[in-house]
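Welcome to the tour! Open your viewer, keep the sequence beside it, and follow along stop by stop.

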Amino acid sequence: AKPIVAVVGRPNVGKSTFFNRIAGRRISIVEDTPGVTRDRIYAEVEWLRYQFTMIDTGGLEPASEEPIPRQMRNQAELAMEMADVIIFMVDGREGLTLQDREVADILRKNNKPVLLVLNKVDTSNQSEHFYDFYELGIGDPIEISSELSLGIGDLLDEVVKYF
Ligand code: GDP
Ligand code: MG
């Protein structure tokens with residue numbers, strides 16, 4: 001089977017934007033409920049002759065009434081079960097938040113590889129919050145801009161090293 005890469009992180013850090021960049025084009029799933037359009041959550045990706053499946057865990061529980069912290073916990077736990085490599089996304093403009101710490105606490109409980117990705121770094125300057133993220137104990141942050149497609153190739157290079 002192909003390796004699985006899961007994208008986790010609190011709402012609004014840019015998981016769907018990243019995912020749609022990777023998937024190459026914007027494809028939406030239209031649900032049975034009229035007017036409800038969801039982003040795609042699975043993509044087959046090929047990078048440097050490696051093939052893998054990427055999952056946007058933020059899309060796994062679309063109609064959930066559960067509070068956000070519980071949704072994040074479920075998503076992170078699912079990612080730990082399913083994934084071979086986890087991309088933990090945070091917002092490099094907003095900086096480290098309590099919810100980021102909560103996700104990190106879950107991810108640190110397993111021994112799967114986790115790549116800490118600072119999204120929304122839209123310039124060539126390092127995020128002013130860069131060093132704060134070392135507090136999460138996940139390792140060196142990798143900076144990208146999903147909106148501008150910056151740093152994504154370098155990130156995928158790091159991902160496939162774990163296969
Ligand atoms: P999700 O909830 O984690 O899936 O986040 P979304 O992909 O829905 O993005 C949340 C918001 O952040 C949207 O307004 C995006 O346009 C914005 N966003 C995503 N990536 C970037 C980025 O690289 N730079 C900037 N400036 N905004 C971004
Ligand atoms: Mg999303």
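Colour the chain by secondary structure and walk from the N terminus: the elements come in the order β-α-β-β-β-β-α-β-α-β-β-α. That makes 4 helices and 8 strands; helices (H or I, at least four residues) and strands (E, at least two) are DSSP runs, numbered from the N terminus.

This is a predicted model, in which local features need pLDDT of at least 70, side-chain atom pairs count only at pLDDT 80 or more, and totals for chains, interfaces and linings use all residues. Residues are numbered from 1 along each chain as its sequence is written, while chains are lettered from A and ligands numbered from 1 in the order in which they are written.

**Stop 1: confidence**

Now colour by pLDDT, the predictor's confidence in each residue, from 0 to 100. The chain averages 87, and 87% of the residues score at least 70. Next select residues 26-37, where pLDDT stays under 50. Where pLDDT is low, the predicted coordinates should not be read in detail. For the model as a whole, ipTM is 0.99 and pTM is 0.91.

**Stop 2: the core**

Of the 163 residues of the chain, 33% count as buried. A residue is buried if 20 or more other C-beta atoms lie within 10 Å of its own, exposed if 12 or fewer, and partly exposed in between, with C-beta atoms placed from the backbone.

Select V7, I86, F88 and L116: of the 35 residues in the largest nonpolar core, these touch the most other members. Such a core is a set of buried Ala, Val, Leu, Ile, Met, Phe, Trp, Tyr and Cys residues joined through C-beta atoms within 7 Å. Strand β6 gives the largest share of this core, 6 residues.

Stay with I86 for a moment. Which residues is I86 in contact with, leaving aside its neighbours within four places in sequence? They are A6, V8, A79, L107, K112, P113 and V114. Two residues are in contact if their C-beta atoms, placed from the backbone, lie within 7 Å.

**Stop 3: one side of a helix**

Select helix α3, residues 98-107, and highlight its buried residues: D100, V103, A104 and L107. They sit on the same side of α3 because they cover an arc of only 100° around the axis, an arc taken from the directions from the helix axis to the C-beta atoms. Among the elements that cover them are β1 (4-8), α2 (68-82), β6 (85-91) and β7 (114-119).

**Stop 4: the ligand**

Show ligand 1 and the 15 residues around it; G14, K15, S16, T17 and E147 come nearest. A residue is near a molecule or strand if its C-beta atom, placed from the backbone, lies within 6 Å of it. Helix α1 (residues 15-23) provides the largest share of this shell, 3 residues.

**Stop 5**

Select I22 in helix α1. Is I22 buried or exposed? I22 is buried, because 20 other C-beta atoms lie within 10 Å. Beyond its neighbours within four places in sequence, I22 is in contact with A43, V45 and M54.

Move to N12, in the loop between β1 and α1. N12 has a positive phi of about 80° although it is not a glycine.

Finish at R49, in the loop between β4 (42-47) and β5. Its phi is near 70°, a positive value in a residue other than glycine. R49 is exposed, with 6 other C-beta atoms within 10 Å.
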